[in-house]
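Biologist: Please take a close look at one residue in this model and describe its setting. Carry on from there to the other parts that can be described.

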Amino acid sequence: LLPWPKVDFAKFGPVESMPLSRIKKISGANLSRNAIVIPHVTNFDEADITDLEAFRIALNSENEKSGKKLTMLAFLIKACVSALKAFPEFNASLDGENLVYKRYFHIAFAADTPNGLVVPVIRDADRKGLHDIAAEAAALAKKARDGKLGPADMSGGCFTVSSLGGIGGTGFTPIINAPEVAILGVTRAQTKPVWDGKQFVPRLILPLCLSWDHRVVDGVLAARFLVHLQRILGDFRRISL
Ligand code: CAO
């Protein structure tokens with residue numbers, strides 16, 4: 001690689017130099033390695049979450065008094081577990097010339113903090129209910145913002161979900177969290193006109209972006225993985241099939 005350009009920016013205008021946070025130094029080094037070493041490809045798809053969002057809102061109003069809140073992230077994590085079970089190559093890691101298949105389902109999620117991005121892990125997400133996953137994600141996100149996550153909170157992940165849904169965007173190409181094989185990026189759901197065969201109807205559409213390691217999986221498998229997610233998110237009863 002060429003050396004980083006050395007420029008005296010002060011020659012061009014006023015500047016201020018600030019040290020990078022500890023988190024940014026660590027995550028920056030990891031992200032650079034992952035971006036360079038892994039042959040990334042990103043597939044895009046959309047899921048119709050009209051019914052799922054209505055279900056989530058209904059459950060949240062039922063539980064208003066207890067304060068138990070279901071987040072879209074919890075549904076996404078459960079849907080990803082289902083897709084990882086259906087496509088085990090995504091629940092694996094490269095180890096030299098071997099592919100290590102994991103028989104556990106620890107799902108990481110990107111959490112934004114004032115000092116940078118961290119990726120806490122929800123262990124055994126296959127064995128936890130939606131309320132437990134939502135509560136654990138909220139507790140881990142708070143711990144992250146308070147700068148209190150320890151290495152144990154951030155290790156052992158199989159697959160990562162990066163949700164920008166609370167903020168915006170129509171799509172992005174997330175960098176894989178090595179040694180995982182893939183990462184799901186999610187942006188903001190929007191109501192769009194969808195043709196039902198007779199007329200356009202308003203449906204809530206969630207953009208999905210799956211970055212994957214081309215050394216391990218291919219475009220066909222990635223497209224199938226996204227179709228699986230799309231089906232589960234489109235009709236969450238399918239999770240029990
Ligand atoms: N579409 C539309 N709205 C969405 C949505 C989606 N996909 N996902 C969440 N929302 C809405 C929710 O309905 C909620 O609104 P209300 O408060 O009115 O109910 C609001 O956004 C916040 O949602 P939430 O409390 O469920 O939080 P979240 O799941 O959006 O985010 C967390 C949690 C930890 C993922 C988030 O705080 C975060 O850190 N996101 C950034 C991740 C990141 O940095 N990714 C980039 C990595 S690459 O640099």
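The residue and its setting

Modeller: Asp 213 is buried, because its relative accessible area is 2%, and the limit for that label is under 20%. The model is a predicted one, and the values below are computed from it. In the secondary structure, Asp 213 belongs to strand β11, which covers residues 200-213. Its side chain makes a polar contact of 2.7 Å with the side chain of Arg 215. Leaving aside residues up to four places away in sequence, Asp 213 touches Ile 38, Pro 39, Leu 94, Ile 176 and Val 181.

Leu 94 has Leu 99 as its bridge partner in β3. The two strands concerned are β2 (residues 92-95) and β3 (residues 98-101), which pair in the antiparallel sense over four bridges. Two residues stand between the strands of this hairpin, and Gly 96 there takes a positive phi near 60°.

The ligand site can be taken next. There are 20 residues around the ligand, and those that come nearest are Arg 56, Asp 112, Ser 162, Thr 187 and Ala 189. Ser 162 places a polar side-chain atom 2.8 Å from a nitrogen atom of the ligand. For Arg 188, a polar side-chain atom lies 3.4 Å from a ligand nitrogen atom. Gly 165 also has an atom 3.4 Å from a nitrogen atom of the ligand, in this case a backbone N or O atom. On its own the ligand has 970 Å² of accessible area, and the protein covers 65% of that. Two elements give two or more residues to the shell around the ligand: β5 (111-113) and β8 (159-163). Sorted by class, this shell holds 10 nonpolar, six polar and four charged residues.

Whereas Asp 213 is buried at 2%, Pro 5 counts as exposed because its relative accessibility is 57%, and the label applies over 50%. Pro 5 lies in the segment that comes before α1 (22-37). Along the chain, Pro 5 and Arg 238 are 233 residues apart, and their C-alpha atoms are separated by 52 Å.

Conventions
Residues numbered from 1 in each chain as written. Predicted model: local features only at pLDDT ≥ 70, side-chain atom pairs only at ≥ 80, totals over all residues. Heavy atoms only, no water. Pairing = 2+ DSSP bridges. Buried < 20%, exposed > 50% of the residue type's maximum accessible area, 1.4 Å probe, protein only. Polar contact = N/O pair within 3.5 Å; in protein donor to acceptor, adjacent residues only side chain to side chain. Contact = heavy atoms within 4.5 Å. Near = heavy atom within 4 Å. Areas by Shrake-Rupley, 256 points an atom, 1.4 Å probe, with all protein chains shown as cover. Nonpolar A, V, L, I, M, F, W, Y, C, P; charged D, E, K, R; others polar.
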